[in-house]
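Dear colleague,

I am handing over the structure below, and my notes on what was found in it follow directly after. Please read them with the model open beside you.

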Amino acid sequence: LPETIALIVAAGQGTRARANALSVPKQYLRVSGKPVLRWAAEAFLRHPRIDGVQIVFNPADADIYWKTVHSSDLRAPVAGGATRQESVRCGLRAIQSASGTSNTRQVLIHDGARPFLSAALIDRVVEALADSDAVLPALPIADTLREKRDDGQAIVPRENLLRAQTPQGFRFDAICGAHERFADENVTDDIALAERAGLRVAQVVGDEANFKLTTREDFLL
């Protein structure tokens, strides 16, 4: 049967967080007694529309990953690359290899440092994929934005600005093709890559609780 797979990207070293004296990559720090990455994985594992969870990790973190995150209901992790884009491509290839030529229909690509995604957000992304090649969860900006200029500062209109989140959803074959086609280019995220490939992108409402843990202050929050 066609599958919907969650691909969690967790191969980074969290340098901004570790600069604030955090001892390990942020995805392995504990929140309420559980590693951040495990919270993200479990959100997908318990969702009825997700058929499997593939994690991309840094082999340098293999010891802590196997001890604190992995379980039998997760697919075997795959090593990431030098960039996030390369890590996603490694994950997509692993899914393709494990699932056969056409078994996987959809993939949700998620940041391992976003542990608080909800079932409702996953639902919105999956449902929007029925009519689109790609789906972006996003939120409006509430704060006033100011831009530094040579003569001082100016307010930046925020009406057309959005905060992009993950999981970003994709038709599997479409995003695999985009990653292979633009493998040599540094694209900011998977939605930007999908747009570059001419895929149809839909937008759904994100979730304020689904923020990305980046600094030590985020963990305190």
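In these notes, buried means under 20% relative accessible area, exposed means over 50%, and partly exposed is anything in between, all with a 1.4 Å probe and protein chains only. This is a predicted model, in which local features need pLDDT of at least 70 and side-chain atom pairs count only at pLDDT 80 or more, while totals for chains, interfaces and linings use all residues. Residues are numbered from 1 along each chain as its sequence is written, and side-chain values use heavy atoms, with hydrogens and water left out.

I begin with the cysteines. If a disulfide is taken as a pair of cysteine sulfur atoms within 2.5 Å, the count comes to zero. C90 is in no disulfide, and the nearest cysteine sulfur, that of C176, is 12 Å away, which is too far for a bond. C90 is partly exposed, at 21% relative accessible area, whereas C176 is buried, at 10%.

Next come the salt bridges, each being a side-chain nitrogen of Lys or Arg within 4 Å of a carboxyl oxygen of Asp or Glu; the whole structure has 14 of them. Helices here are DSSP runs (H or I, at least four residues), as are strands (E, at least two), and both are numbered from the N terminus. Helix α2 (residues 36–45) has eight of its 10 residues buried, so the rest of the structure largely encloses it.

Another salt bridge pairs R93 with E180, their closest N and O atoms lying 2.9 Å apart. This pair links distant parts of the chain, since R93 belongs to helix α4 (residues 84–99) and E180 to helix α6 (residues 172–181), 87 residues apart. R93 is partly exposed at 43%, as is E180 at 40%.

Finally, please look at D133, which sits in the loop between α5 (119–128) and β7 (134–140) and is buried, with a relative accessible area of 14%. Its side chain reaches the backbone nitrogen of R200 at 2.9 Å. Beyond its neighbours within four places in sequence, D133 is in contact (heavy atoms within 4.5 Å) with residues including G169, F170 and R200.

With best regards

Terms used: A polar contact is a pair of N or O atoms within 3.5 Å; within protein, one must be able to donate a hydrogen and the other to accept it, and residues adjacent in sequence count only if both atoms are side-chain atoms.
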